[in-house]
Amino acid sequence: MKIQCVVEIQNIVGESPMWSVAEQCLWWVDVRGKSLHRLRTDGSRDDWQMPDFISCLALCRSGRLIVSQGNAMAFFNPEDGALTEFARPEPDRPANRFNDGKCDRLGRFWVGTMVNNFGTDGRDIPIDRPDGAFYRLDSDLKMTRVVDGMWIPNTVAWSPDDRVFHLGDSGTNEIHAYDFDLHGGGISNARLFAKNADPGHLDGSAMDAEGFLWNTHWGAGKIVRYNPQGGIDREISFPVPAPSSCIFGGPGLDCLYVTTARDTLSAEQLADFPLSGSVFAFKPGVRGLPEPVFAD
């Protein structure tokens, strides 16, 4: 299986890849670098510098994006660069920031928070408590807390039949499965789906059309495909140590795009893996599903 570097870039924490079917382009962010990126099919790239840590994004029906900005949610207009804040759901937790998030197939955005581990002065801040939570953002912009007590919410994915929701926590190295009520927007019956035992940490994921979950293992340099029961179906060694998230894209949704990071790597690792922080892609032999857009 040939894994190619499709964007050579030194993202500190590349994250939240998103494929736009309408635009036929790839979006992603650099959390610590506070930047937003778009790769077009002709290989050209658009880059925007953001005022705060941007950890995730969602495409909107209107053509805008939803983006996280520190502990706030905002709309971003790529046409003029306008940023419009609309929600801060955790005024009682000022030390938190947003992390991973995605839309469900009815156009609601689901997103988690965590203790902010990036200091404004560039230093690392230890995550010493599970003060994060997980939210559902409805089309009326109301945010509802659905899970509390999380360390680092990562992996937001639904089964193709919309009956099962998957939510990971990189702090506990676990992914949980929930029964999902698509029309009501509720999750219930939490149970352990997968627990990581290797030296890395479970990070972002993508669901394929067969109902298998592709998860990036930050620090272990691999991607793991889990079957619908949570068993390991396949492991793929990656050319850099810190793959961070993935998404299916391309005209046939048969290409898996993978963001990576340089953060936490030693000087020796960066010398050995100079492409860390770049965006990679490969064809795994299965297809993904179109990513839903926010119903704004």
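How many helices and strands are there in the chain? There are one helix and 24 strands. Helices (H or I, at least four residues) and strands (E, at least two) are DSSP runs, numbered from the N terminus.

This is a predicted model, in which local features need pLDDT of at least 70 and side-chain atom pairs count only at pLDDT 80 or more, while totals for chains, interfaces and linings use all residues. Residues are numbered from 1 along each chain as its sequence is written, and side-chain values use heavy atoms, without hydrogens and water.

Start with the overall form. The C-alpha trace spans about 45 × 40 × 40 Å along its principal axes. Of the 296 residues, 58% count as buried, meaning under 20% relative accessible area with a 1.4 Å probe, protein chains only.

Now go inside. The largest nonpolar core has 21 residues. Such a core is a set of buried Ala, Val, Leu, Ile, Met, Phe, Trp, Tyr and Cys residues joined through side-chain atoms within 4.5 Å. Trp 27, Leu 36 and Met 50 are among those with the most contacts inside this core. Strands β3 (25-30), β6 (57-59), β7 (65-69) and β8 (72-77) each supply at least two of its residues. The largest share, three residues, comes from β3.

Look at Trp 27. Leaving out residues up to four places away in sequence, Trp 27 touches residues including Pro 17, Leu 36, Trp 48, Leu 57 and Pro 78. Contact here means heavy atoms within 4.5 Å.

A second, separate core has 16 residues, including Cys 56, Met 73, Tyr 135 and Met 143.

Methods: Buried means under 20% relative accessible area, exposed over 50%, partly exposed in between (1.4 Å probe, protein chains only).
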